[in-house]
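Here's a quick walk through a model, one feature at a time. Have a look at it first.

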Amino acid sequence: MTLSVRIIPCLDVTDGRVVKGVNFTDLVDAGDPVEMAAVYNTEGADELTFLDISASVAGRETTLDVVRRTAEQVFIPLTVGGGIRSVEDVDRLLRAGADKVSINTSALERPQLIAEIADRFGSQVLVLSVDARRARTESGFEVTTHGGRRSAGVDALAWVEQACAFGVGEILLNSMDADGTRAGYDIGMITAVRAVSKVPLIASGGAGSLEDFSAALDAGADALLAASVFHFGVHRIRDVKSYLGKHNYPVRAAAVG
Amino acid sequence: MIAILDYGSGNLRSAERAFAITGKEVVVTSDPTVALEAEGLVVPGVGAFAACMNGLNSVHGAAIVQERLAKERPTLGICVGMQIMFSHGTEHSDTAPHTGVGVWDGIVSQLGAPILPHMGWNTVEVGSDSVLFKGIEGESFYFVHSFAAKNAVGKMQAWSTHGERFLAAVEDGYMSATQFHPEKSGAAGLALIKNWVWSL
């Protein structure tokens with residue numbers, strides 16, 4: 001009885017379609033999110049994440065519909081992030097069928113939002129998404145906004161500690177240096193964040209080779225998120241799990257059915 | 001007909017759809033009469049123990065559960081919906097523990113583990129003659145919780161471990177409960193739901 005490591009494909013969604021950009025600038029359409037969610041479920045994904053990058057209100061309404069249709073067909077946990085600014089936004093997503101929400105910029109602007117969401121729905125629904133990069137801050141890592149293009153002026157480790165005190169249930173750590181490079185997760189960053197947090201840690205950004213996944217686990221990640229390597233078929237989820245299983249990491253075998 | 005008790009916010013859509021896959025009519029309701037009369041009642045639960053009890057009491061849920069037991073009507077608690085069936089819970093309690101429905105005597109307390117919540121897929125050690133786990137004894141299920149019951153109650157116990165051993169599921173006559181989320185546990189979870197529904 002050991003908790004399995006989680007493999008989580010992330011679907012960037014805008015106006016009801018999946019996209020994934022290299023470093024968030026070069027977007028490529030990669031399909032229908034509901035269908036992709038079902039495929040990833042069959043492939044053995046342990047959770048799914050939708051990141052809504054829609055710029056418009058109409059786009060966000062479309063995302064709610066995507067969440068509804070996904071939750072009706074796919075019975076594994078679904079996290080939705082992007083554009084969440086209030087307790088009401090969280091309520092809408094949970095009622096549509098999301099199990100967790102991830103917040104990022106809105107929490108930086110108003111950390112109290114973390115406590116408001118945790119008080120109403122419990123910490124377990126709340127994932128703090130941290131877009132971080134290497135910088136000359138106290139810890140050597142800083143928080144960024146706008147897809148990694150701007151400094152938030154906040155030290156990444158200090159922010160993680162503060163957010164944990166406010167009540168986040170999980171941390172999604174995105175390396176903006178590694179994102180889209182397929183050159184490996186930022187191992188130093190994972191190690192540093194693991195050392196200051198006691199909630200589950202999802203590593204994101206940079207997954208390329210199979211060894212990259214195990215290296216992130218060795219650094220202290222509880223779960224591994226990836227997008228392009230899955231979307232473009234560089235690796236299939238079951239290949240990642242098979243590799244990890246062979247190297248004695250606990251993985252869940254996908255049930256037949 | 002299966003009733004899913006709606007006594008607060010959270011994702012009930014997945015539970016509704018997962019139970020509907022069995023072919024049974026499923027209603028999400030906060031109507032005490034519907035919940036009392038249903039063939040099977042599902043008590044979900046997210047958030048803190050005391051907040052859940054407050055929500056449950058706002059729809060007379062504790063009385064419904066006890067009356068259903070007295071009338072031999074099956075009830076299934078899920079996650080915090082399992083925890084509040086115990087007599088006491090220590091979550092967010094600095095002094096005396098909060099009071100639960102009290103179907104089972106015992107305290108729901110924090111897991112002694114370095115990383116909390118216990119979040120993700122874990123296997124369970126299933127007791128003999130289980131109805132819920134028939135055919136899926138070796139599968140993994142999805143857990144999200146920081147608190148759990150650690151003493152044996154009921155007729156059949158399933159155990160899991162995160163930092164320490166805790167009760168993953170209980171079967172006790174007309175009362176069953178899972179600490180994990182069967183509605184979020186993929187094919188294995190749907191199989192467990194079918195096992196419960198077909199036992200009604």
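What follows covers a helix pair, a chain contact and a sheet.

## Ground rules

This is a predicted model, so to speak of local features takes pLDDT of at least 70 and side-chain atom pairs count only at pLDDT 80 or more, while totals for chains, interfaces and linings use all residues. Residues are numbered from 1 along each chain as its sequence is written, and chains are lettered from A, ligands numbered from 1, in the order in which they are written.

## Two helices in chain A

Take helix α1 (residues 33-43) and helix α2 (residues 57-73) of chain A: their axes come within 9 Å and cross at roughly 30°. That makes α1(A) roughly parallel to α2(A) (angles under 35 degrees count as such). Helices here are DSSP runs of H or I with at least four residues, and strands are runs of E with at least two.

On the α1(A) side you'll find Pro33(A), Val34(A), Ala37(A) and Ala38(A), which meet Val66(A), Arg69(A), Thr70(A) and Gln73(A) in α2(A); contact means C-beta atoms, placed from the backbone, within 7 Å.

## Where the chains touch

Chain B puts 36 residues into the contact and chain A puts in 29 residues. On chain B's side, β8(B) gives the most, with 6 residues.

## A sheet in chain B

Chain B has an open sheet of 4 strands, ordered β6-β5-β7-β11, with mixed pairing (strands pair if DSSP finds at least two bridges between them). β6 (98-99) and β11 (147-149) of chain B sit at the edges with a single partner strand each, so one side of each has no neighbour in the sheet.

Strand β5 (residues 86-89) of chain B pairs with β6(B) in the antiparallel sense over 2 bridges. Gly89(B) has His98(B) in β6(B) as its bridge partner.

Technical notes: Axes are lines fitted to C-alpha atoms, for helices over the stretch in contact, and angles run from 0 to 180 degrees between N-to-C directions. Angles under 35 degrees count as roughly parallel, over 145 as roughly antiparallel, 65 to 115 as roughly perpendicular and the rest as oblique. Two residues are in contact if their C-beta atoms, placed from the backbone, lie within 7 Å.
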